[in-house]
Amino acid sequence: MIKKLIFNQSFESPRSAWRVILAFAILTALGGMSGATSAKAQIHDLTPLELSGYSPSEAYEIKDDAPLDINNPNIVKLLYRIKKTSPKSRSKFAIHSKNVTWDKIATTPEEFRCWVFQRRLTLKKVTKHRFAEAEAEAPIKGVFICECENELQQSVTVLSRTIPRKIRIDTKLDEPIGISGFLYARAKETNEEATPSTVLIVDRIAWFPAVAQADIATRSHVKLASAGVDIGLLDRVEESNTQRLGDRDSEAFFQMIAAMEKIPADDAPSSPLNFSDLMKNAKSNFGDQAKIKGVVRSATEVFISNPDIKQRLGVSKYFQLMMFPDLDGGKVVVKNKSGEDLEYRRFPITVCCLELPEGMTAQDVERKPLVVDGFFYRFWKYQSDLTDTAGTSGQVSPLIMAKTATTIESQEGQLNFILLVFMSMLIVGVAILIGYYRVVDRRQKSHGQKILDALPDKIDLTGVEEKE
């Protein structure tokens, strides 16, 4: 209307013409600012849900307050989408929802639809659902329905593509977990009296057991979980056992090395795993505490270049030590893929620690005997001269995570010290014995001396005739 009125003005004078031109310029500027503001608003609105791949209009089509339909195409679509995301990307987008309260989520879910949320919950029960129309070769054939509670005891339903293998299904649970995924909707049960549940879609649930349970979580797992390690990631660690370090279990690797800073140094078990325990049960003991002794062959300072790991987990470097335990004349036999035996008189142990003994550098600890109290990660594979000569794919070595290592006196040094003390005592004893006999010898008289001492002082020969 304003533009129309301006263009209908007659230019009766130069002043009026300039007024019209000025008004048009102001209007154009205001229109540009409005458009820019609108564009910025749209960009701002798109950013929080951008990772989901949904537009605001698509997200708006997802309805709240209806019974949860697990076979809804939107659920399947978001499951595939969350599967492709990384911890780094989810952590980045979760910044937008950091200050969104549970009450806001419950009352206005449409405002945060498809946003990424990272939260801690308590898992109460898990059931498994298979998609009715899933094909046999489909990457995602079903979903785990996780009934949870938040810290306000509000109902939260988490639809997860996977769960840790040791989480029991169709059983009452009380397990601390963490989730990182998309907000889907607010769902109601068919029972009108039931409390609505907030529904989120995740790729997996992180597991932080608080209580040790036989065949489920060890005391070592509880310690790691209290320091921020997702124990569910040990599934990937186990699957990668004896393989090279790679992307599949890199998150577990960095979580565990970062946790070493948070676990007290004196928090050691009464009977940690030793080298023999690890070698006898190479397919188990992941995440359990271990105590290893050995001589360091090499020490390297490793700097982490990934900015996400440095910022998110707070670790920027670690030291990698290659240690050799004393086999006491024994040997380690490892079978290769062909079934042939490889014999080792010296077998390597890899230690990744945050610190070295106080006052020592990487060069200082080489060829020094050390003891390490840490946590067993897994066996990993690397290239070595022996495996290259034998034509195998690589050398395997148990990998231990620790905060630091402690120097110890070598057995050779202890034996030399004991021998020195013994010889010193022997020499002193001989000297004392010689001195004793000298003193005693001076006090005792010989047989001839005794005869002389028995003779009278004067011999009287009167009346005795001397014969020729």
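Accessible areas here come from the Shrake-Rupley method with a 1.4 Å probe, and for residues only the protein chains shown count as cover. By that method the accessible surface of the protein chain comes to about 29100 Å², of which 53% belongs to carbon and sulfur atoms.

The model is a predicted one: local features need pLDDT of at least 70, side-chain atom pairs count only at pLDDT 80 or more, and totals for chains, interfaces and linings use all residues. Residues are numbered from 1 along each chain as its sequence is written, and side-chain values use heavy atoms, with hydrogens and water left out.

**Chain overview**

The protein chain has 15 helices and 14 strands; helices (H or I, at least four residues) and strands (E, at least two) are DSSP runs, numbered from the N terminus. Of its 468 residues, 38% are buried (under 20% relative accessible area; exposed is over 50% and partly exposed lies in between, with a 1.4 Å probe and protein chains only). Among contacts (heavy atoms within 4.5 Å) between residues at least 6 apart in sequence, 68% join residues at least 24 apart.

A pocket is an open set of points on a 1 Å grid over the protein atoms alone, with a 1.4 Å probe fitting at each point and protein on both sides within 12 Å along at least five of seven lines; lining residues have an atom within 4 Å of a point. The largest pocket holds about 1100 Å³ of space, a volume being the space filled by probe spheres set on the points. Its lining has 43 residues, and those closest to the centre are Pro87, Arg90, Glu251, Gln255 and Arg312. The lining divides into 16 nonpolar, eleven polar and 16 charged residues.

Helix α9 gives the most to this lining, with six residues. Nine of the ten residues of α9 (residues 250-259) are buried, so the helix is largely enclosed by the rest of the structure. Glu251 and Gln255 are among the buried residues of α9.

**Strand β13**

All eight residues of β13 (residues 395-402) are buried, so this strand too is largely enclosed by the rest of the structure. In a regular strand the side chains alternate between the two faces of the sheet. In β13, Gln395, Ser397, Leu399 and Met401 are buried on one side, and Val396, Pro398, Ile400 and Ala402 on the other.

Strands pair if DSSP finds at least two bridges between them. β13 pairs with β11 (residues 349-353) in the parallel sense over four bridges, and Cys353 has Ala402 of β13 as its bridge partner. Eight bridges join β13 to β12 (residues 369-382) in the antiparallel sense, with Lys381 opposite Val396.

**Individual residues**

Phe182 is found in strand β4. Its contacts, not counting residues up to four places away in sequence, include Leu51, Leu78, Trp115, Val199 and Ile201. Phe182 and Arg113 are 69 residues apart in sequence and 7.6 Å apart in space, C-alpha to C-alpha.

Most residues other than glycine have a negative phi. Asn285 has a positive phi of about 70° although it is not a glycine, and Arg367 likewise has a positive phi of about 70° without being a glycine. Asn285 sits in the loop between α10 (275-280) and β7, and Arg367 in the loop between α12 (362-365) and β12.

| Residue | Relative accessibility | Class |
|---|---|---|
| Phe182 | 0% | buried |
| Asn285 | 18% | buried |
| Arg367 | 65% | exposed |

Methods. Nonpolar A, V, L, I, M, F, W, Y, C, P; charged D, E, K, R; others polar.
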